Amino acid sequence: MINKELQKRILSSIVLIPLALFFIIKGSFLFNFFISICFFITCYEWHMMTRNKRYNLFGFIFLIFSFYSIYKIRNMFGITSRTGDEYLWLLLITIVCVATDIGGYIFGKIFKGPKLTKFSPNKAYAGMIGGYFLSIISINIYLQNPYFIGGVEITRQIFVFIILISTVSQLGDIIISYFKRLSKIKDTGKIIPGHGGLLDRIDGMIFAFPFTYLIFLTNIHHYF
């Protein structure tokens with residue numbers, strides 16, 4: 001039997017994933033409105049978690065850069081020569097982060113095993129490996145889907161890129177877990193049933209997007 005907490009996670013994902021996909025693909029002022037709402041909610045949750053802490057302000061500065069990088073990746077970079085494909089990079093990175101999170105959760109629950117870090121007691125090495133596996137599988141499906149890109153195989157360079165983004169996403173998850181531990185809380189909020197706060201849901205993404213944006217600024221992404 002699926003426990004109630006897992007049921008809530010599944011139902012929330014069924015609602016949130018299509019919603020996020022709609023705004024990412026649609027773009028324009030709708031996407032800007034979407035990420036603005038996410039930004040303010042995330043800032044609020046960060047403030048509530050770290051108020052009266054010395055690192056509170058640094059978190060806000062990082063979140064500003066993180067969401068700025070999301071905006072830039074969505075609007076400034078294309079993968080193919082098709083007009084209007086600017087969302088493809090953003091969608092690719094989002095898929096890696098979501099697959100990493102889901103793979104980590106499922107593999108961690110099934111195989112358990114040694115813990116990855118004391119900062120995040122629910123994270124296991126099995127989950128880390130599961131996150132990598134599901135990321136690679138998901139991106140392979142994405143690259144082969146003719147609606148998005150179509151006919152692109154995972155090369156060694158793309159494989160390295162996926163592993164890098166998945167690793168940064170997992171590190172972001174651990175970092176936010178560390179701050180939650182310092183604040184002696186389990187979740188950053190209660191806005192998403194089964195997940196907690198929005199920051200709990202996008203903790204890996206807010207690190208993966210700035211990392212990718214810096215790669216883009218150096219033009220290294222053309223290597224991938």
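**Pocket and helices**

Me: What volume does the second largest pocket have, and what makes it a pocket?
Reply: The volume is about 870 Å³, meaning the space filled by probe spheres set on grid points joined across faces, edges and corners. A pocket is an open set of points on a 1 Å grid over the protein atoms alone, where a 1.4 Å probe fits, with protein on both sides within 12 Å along at least five of seven lines. This is a predicted model, so local features need pLDDT of at least 70 and side-chain atom pairs pLDDT 80 or more, while totals for chains, interfaces and linings use all residues. Residues are numbered from 1 along each chain as its sequence is written, and side-chain values use heavy atoms, without hydrogens and water.

Me: Which residues line the second largest pocket nearest its centre?
Reply: Of 36 lining residues (an atom within 4 Å of a point), Leu16, Ala20, Phe34, Ile202 and Met205 lie nearest the centre. H1 gives the largest share of the lining, eight residues.

Me: Why is H3 called oblique to H4?
Reply: The axes (lines fitted to C-alpha atoms over the stretch in contact) of H3 (residues 56–76) and H4 (residues 87–111), both DSSP runs of at least four residues, cross at roughly 130°. Under 35 degrees is roughly parallel, over 145 roughly antiparallel, 65 to 115 roughly perpendicular and the rest oblique, so H3 is oblique to H4.

Me: Which residues make the contact?
Reply: Ile70, Ile73 and Arg74 of H3 meet Tyr87, Trp89, Leu90 and Ile93 of H4, with heavy atoms within 4.5 Å.

Me: How do you know that the span of H4 agrees with its 25 residues?
Reply: At 1.5 Å times one less than the number of residues, H4 should span 36 Å, and its end C-alpha atoms are 35 Å apart, so the two agree.

How values were computed:
Axes fitted to C-alpha atoms, helices over the stretch in contact; angles between N-to-C directions. Helix = DSSP H or I, 4+ residues; strand = E, 2+ residues; numbered from the N terminus.
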